[in-house]
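Subject: Handover of a structure and findings

Dear colleague,

Please find below the structure I am handing over to you.

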Amino acid sequence: MADKYIIQGKRALKGEVQISGSKNAALGIIAAAMVVDGPSVIENLPQIQDIKVLLEICQELGAEIDWINGNTIRLDPTTINTHQAISEKVSKIRGSYYLLGSFLGKFRKVSLLMPGGCDFGARPIDLHIKGFQALGGGNMSDENGVISIEANQLKGAGVFLDTVSVGATINIMLAAVKAEGVTVINNAAKEPHIVDVANFLNTMGADIRGAGTDVIKITGRPVLEANRSYTIIPDQIEAGTYMIMAAITHGDLTCTNLIPKHMEPLTAKLIEMGAMVQEGDDSIRVALLPNDHLKAVSFKTMPYPGFPTDLQPQTTTLLTAAQGTGRMIESVWENRFQYIEQLQAMGANIVTSGKLAVVQGSPLKGATVFARDLRAGAAMVTAGLAAEGETTVTNVYAIQRGYENFIEKLQAVGADIKVG
Ligand code: EPZ
């Protein structure tokens, strides 16, 4: 597998990019399909490493997976033969944590090796556990990195999340669809992928109301019906990454197959920075003329509908191309600025202090940089596209975890990027 990308910068990206299915929705939906009482068909599944790994875990647990075409699977969980997801693969990705809720709902017991994922400081799962406990999950243990939970009875309950958490909201929803009675999640996350997981489950006969608001009400059902199909929503973060790349290269790019509403936090900021943004029904065009300049602005990452933290590294990179001093406040993760030293190696003028990065616009120069996680890796490629000269991005496995056909899509719109 390719280990590095080599980019010749300063090529304007022009043309059309088709956005793939949402990674973070797909992870939740695959885990949700494991709770259904028979096979279901999942369409618009992105072919990326995180999904590949989660599907391999599902197969190891006994589920049958058939590929109907390149982006559609049929997942049959009736052949699952264990409630213990403890293979090494589980610790390779974050999304495996959804098997906690899924198996607690399905079997009333689950063991899971601690999940992995991108490293940006502490990534606790205390809120997930608190939710499971409220539903009756007891006999909790944490030995050798394996979390085990058992519930004699799984009963609907009220759960309040102290912090808005995407993972906890989906995980509690996954357990609650099979609990007896009504669960109410208060201060729930509202991300588009929460709504997508709820829509998948409702298509299979679950009763989930309020997904997309901060109060979600789930009435448990003993059986979730099989033999239904569901299409995953487009990836908000993939789309945002290409929109940012269009602006930073002074290009003219139309991203198709996306939901413009999901892009509003970024669209508003790109317009404020001086880019031309044109919305269609399911597309967005972003353009910047060769002699136009971007204005520096301030950003603060927030849970949806705020500005997404998963676009923070790419946007901080965009600020290096703006005139003036821009600010980025990271308010979701405690330590998501570790990639900035890589941008500094490319000549970026950025000073960080805790959760604040102050970016003074200045030209980037090609260098060899490291993809330290998925979105940081996308930011390195974004920087390479804008930089003078050649940029080599190493450890690109991190990028392949979340971007389908990344190189092919970029090459098709004029990027000079190749696998090294
Ligand atoms: C999801 O992570 C995404 N991952 C992340 O995207 C994304 O950055 C994040 O949501 C925020 O949008 C997946 O969907 C697989 P959280 P998750 O629980 O669910 C604190 C990407 O690049 N918290 O919403 O793990 C936590 O420390 C990935 O695609 C607790 O305190 O994030 C953080 O500060 C990276 N206790 C905040 O909540 C908990 O039990 C939000 O985390 C859980 C979370």
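Is cysteine 58 buried or exposed? Please bear in mind that the model is predicted. Cysteine 58 is buried, because its relative accessible area is 0% and the cut-off for a buried residue is under 20%. Cysteine 255 also counts as buried, with a relative accessibility of 0%. As to disulfides, the count comes to 0, where a disulfide would need a pair of cysteine sulfur atoms within 2.5 Å.

The ligand sits in the largest pocket. The elements that contribute two or more residues to the shell around the ligand are helix 1 (23–33), helix 4 (126–134), helix 5 (166–176) and helix 11 (374–386). There are 24 residues around the ligand, and those that come nearest are Tyr97, Ser165, Val166, Asp310 and Val332.

Where does arginine 401 lie? Its place is in the loop between helix 12 (397–400) and helix 13 (406–412). Although arginine 401 is a loop residue, arginine 401 counts as buried, because its relative accessibility is 10% and the cut-off is under 20%. The side chain of arginine 401 makes a polar contact with the side chain of aspartate 50, at 2.6 Å.

Backbone geometry

- Between tyrosine 304 and proline 305 the peptide bond is cis, and omega is near 10°. Proline 305 belongs to the loop between strand 19 (298–300) and helix 9 (312–319).
- Asparagine 44 is not a glycine, yet has a positive phi of about 60°. This asparagine 44 is found in the loop between strand 3 (40–43) and helix 2 (49–60). With a relative accessible area of 21%, asparagine 44 is partly exposed.
- Asparagine 395 likewise has a positive phi of about 60° without being a glycine. The loop that holds asparagine 395 runs between strand 25 (390–394) and helix 12. Asparagine 395 counts as partly exposed, at 25% relative accessibility.

A pairing across the chain

How many residues apart along the chain are leucine 294 and alanine 322? They are 28 residues apart, while their C-alpha atoms are separated by 4.5 Å. Leucine 294 is part of strand 18 (residues 294–295). Leucine 294 counts as buried, because its relative accessibility is 3%.

With kind regards

Notes: Residues numbered from 1 in each chain as written. Predicted model: local features only at pLDDT ≥ 70, side-chain atom pairs only at ≥ 80, totals over all residues. Heavy atoms only, no water. Buried < 20%, exposed > 50% of the residue type's maximum accessible area, 1.4 Å probe, protein only. Near = heavy atom within 4 Å. 1 Å grid on protein atoms, 1.4 Å probe; cavity = no way out; pocket = protein on both sides within 12 Å on 5 of 7 lines; lining within 4 Å. Sits in = over half its atoms within 2 Å of the grid points. Helix = DSSP H or I, 4+ residues; strand = E, 2+ residues; numbered from the N terminus. Polar contact = N/O pair within 3.5 Å; in protein donor to acceptor, adjacent residues only side chain to side chain.
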